[in-house]
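Subject: Structure for you to look at, with notes

Dear colleague,

Here is the structure I promised to pass on, and below it I have set down what I found when going through it. Please read the notes with the model open beside you.

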Amino acid sequence: MTIIRRVYWYAVAFVSLLMLLAGASGLGRALLQAVLDEPGRTIASNLRSEVTQNGALLLVGLPVWLLHWAMANRAARRDSDERAATLRRLFIYAVLASMVLAGATAAQGALEAFLRLLVRDATAATVSQALLPLPRFGIAVMLWLYHRHVAAVDRRLAGEQGGAATLRCWYTYGVALVALVVLLVDASRLLRLTWEIVVTAFDASLVQAPGAELAGASATALIALAVWLTHWTGWAVAAGAGSQRSGATVAAQDARSVLRPVYLFLALAVSVAATLWGASQLLFYALGRLLGVDRPGGVGGNLLLAMAGPVSLVVVYGASWLYQRHALADQARAQPELPRQAGIRRLYTYLISLIALALFATGVGGLLWTLADLITNAPHTINPDTWWREQTSRNVTLIAIGLPVWLLHWGPVSGPRADRDEVASLSRRIYVYLTLLIGVLVLLGTGAFAAKEILDLALGEAATPSVITDLVRALAVAAVAAVTVFYHQRVLRGDVAAVAQAPGPGEAAIPEAVPVPVPAGPPLHERPFGVVYQRAGASEESSWFASADEARAAYEQLRDQADGRVEWIALVRAEAYERQGPAGAAAEPPA
């Protein structure tokens with residue numbers, strides 16, 4: 001019954017709040033437009049329609065929201081479980097995400113119109129276009145600040161654990177990831193447009209990029225940067241009531257969260273993919289021109305202008321690549337890797353390794369294919385004089401991009417450098433077996449085709465140039481697949497042997513209990529350094545110390561003596577917090 005009541009309260013409150021936002025912002029926009037327009041330009045019927053429509057949304061949405069939100073708050077003040085309810089946090093963070101979207105789009109529209117006024121191009125905006133989004137922006141910001149304050153108060157009074165903390169991480173890192181992707185897309189577009197404007201300024205025969213597009217890219221990138229910074233730094237959720245203690249609590253929870261490495265590895269994957277694509281295009285254009293291809297990939301004309309897109313991708317996404325790697329390194333230094341976080345890292349590593357290996361193998365196979373065509377004088381109707389140069393430049397580009405990336409990710413986890421947990425991980429098995437599956441299927445297909453051609457020749461089929469060309473092509477692709485299968489078969493055998501030789505959990509003496517220097521307890525200002533751990537089949541435990549050296553000594557002792565009994569161990573640091581409980585005694589929530 002309680003859950004159904006919560007669903008009703010917060011569902012109605014959320015819908016009515018969106019009605020309130022739409023009505024108030026629309027009414028403000030209509031009234032502001034009536035003030036800004038020249039006398040006689042505003043049509044009375046249009047203004048009346050805007051006022052009645054948005055006024056109705058405001059008159060209905062506001063009291064309904066106030067009523068249901070007041071009932072939910074009254075229950076939260078009476079019962080701490082109600083304040084800590086997951087549905088309440090779902091409502092709050094859904095509202096925060098909605099207000100971020102509404103405020104960001106309004107701010108982008110206003111800033112773009114203002115920048116278009118500055119550049120004074122053919123599609124220059126008016127002052128009213130720059131001011132009309134401001135009511136929506138102002139209302140969204142006020143609602144966002146209010147609900148952020150509510151979230152901070154709830155966190156201070158009732159804590160934020162389990163599902164509530166997970167929802168906060170979904171909001172924080174979800175918004176941060178979307179904002180980062182938008183930032184990277186429009187920052188690269190801004191750099192490309194700037195590059196094109198500079199190039200066209202020295203060549204009158206080229207068409208210059210419009211200023212309106214430049215203004216749009218600049219505005220979107222600036223707003224996305226602001227949204228990303230407020231969420232990635234944690235200010236969006238940690239600021240407010242008791243911000244210092246709230247920030248320490250959020251930081252301690254995020255250090256053990258799985259969603260943080262998910263965000264980092266997704267951001268890194270996007271940055272790596274875009275950087276490699278831009279670098280491959282640059283290398284392809286350069287090799288094609290060096291080999292005498294006038295239009296490599298269909299791109300001709302001014303080479304500097306054609307380089308604008310790939311260079312912008314390499315610069316912007318390459319900078320993001322370096323930053324995300326630095327952020328991952330900082331996290332590794334500050335917080336030992338937990339099992340689920342290690343799983344996310346491995347998934348990223350082997351996914352990038354698989355993609356890079358596919359690029360490398362495709363490049364080698366394509367290069368051998370081109371060589372086969374040259375040896376057998378295979379006819380080519382498209383670009384008969386330069387086809388091999390373009391194919392060579394494309395395949396060399398794939399090799400130059402795929403090989404170093406594969407070595408960078410696969411190298412640290414291959415051979416004797418991989419420990420037992422690494423070679424026994426699910427992500428590694430998926431990578432090895434998927435590579436073997438694809439390689440064997442390619443080998444079967446090309447082998448069967450080559451065997452058919454050989455049998456046809458043996459039974460008297462004429463050895464025409466096309467038959468010889470097809471046979472050599474099949475053998476070239478089969479050779480690449482065979483080498484790939486052979487290498488990964490050796491990897492698989494080594495992994496199986498490494499897992500079999502390592503002692504299992506039941507082969508060594510396991511102590512019944514692992515001693516810890518001090519008893520578990522909440523962090524205080526006298527002991528802010530902690531060791532958080534979880535024994536197999538038990539709940540999470542923690543011990544707290546006055547110095548970092550004591551905590552690290554306990555961490556090493558626990559790790560050395562656990563011998564597989566402890567699932568994970570982490571070093572953390574928490575700020576001191578003091579809050580009076582109902583009886584006046586110090587009540588200290590968990591870190």
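I begin with Ala 85, which lies in the loop between helix 3 and helix 4 (86-119); helices here are DSSP runs of H or I with at least four residues, strands are runs of E with at least two, and both are numbered from the N terminus. Ala 85 is buried, with a relative accessible area of 5%, where buried means under 20% relative accessible area, exposed means over 50% and partly exposed is what falls in between, for a 1.4 Å probe and protein chains only. Asp 81, in helix 3 (residues 80-83), counts as exposed because its relative accessibility is 56%. Asp 81 and Ala 158 are 7.7 Å apart in space, C-alpha to C-alpha, and 77 residues apart in sequence.

Before going further, please bear in mind that this is a predicted model, in which local features need pLDDT of at least 70 and side-chain atom pairs count only at pLDDT 80 or more, while totals for chains, interfaces and linings use all residues. Residues are numbered from 1 along each chain as its sequence is written, and side-chain values use heavy atoms, with hydrogens and water left out.

On confidence, the mean pLDDT of the chain is 81, and 80% of its residues reach 70 or more; pLDDT is the predictor's confidence in each residue, on a scale from 0 to 100. Over residues 504-520 pLDDT stays under 50, and the model has 29 contacts beyond four places in sequence for them, a contact being heavy atoms within 4.5 Å. Residues 576-591 also have pLDDT under 50 throughout, with 30 contacts beyond four places in sequence. Where pLDDT is low, the predicted coordinates should not be read in detail.

As for the chain as a whole, its secondary structure comes to 19 helices and three strands, and buried residues make up 44% of its 591 residues. Among contacts between residues at least 6 apart in sequence, 78% join residues at least 24 apart.

Turning to the helices, helix 1 (residues 2-36) and helix 6 (residues 134-158) pack at an angle of about 150°, with their axes 8 Å apart; the axes are lines fitted to C-alpha atoms, for helices over the stretch in contact, and angles run from 0 to 180 degrees between N-to-C directions. The residues that meet there include Leu 17, Leu 21 and Ala 24 in helix 1, and Ile 139, Ala 140 and Leu 143 in helix 6.

Ile 223 is found in helix 8 (residues 211-232) and is buried, with a relative accessible area of 17%. Leaving aside its neighbours within four places in sequence, Ile 223 is in contact with Ala 104, Ala 107, Gln 108 and Leu 111. Ile 223 and Leu 183 are 40 residues apart in sequence, with 8.2 Å from C-alpha to C-alpha.

The strands form an open sheet of three in the order 2-1-3, with antiparallel pairing, where two strands pair if DSSP finds at least two bridges between them. Strand 2 and strand 3 stand at the edges with a single partner strand each, so one side of each is left without a neighbour in the sheet. Neighbouring strands of this sheet are turned by 20° against each other on average, direction ignored.

Strand 1 (residues 529-535) is largely enclosed by the rest of the structure, because six of its seven residues are buried. Strand 1 pairs with strand 2 (residues 540-545) over six bridges, and Gln 534 stands opposite Glu 540 in strand 2. With strand 3 (residues 566-573), strand 1 pairs over seven bridges; here Val 532 stands opposite Ala 570, and Phe 529 stands opposite Arg 573. Strand 3 is mostly covered, six of its eight residues being buried.

With best wishes
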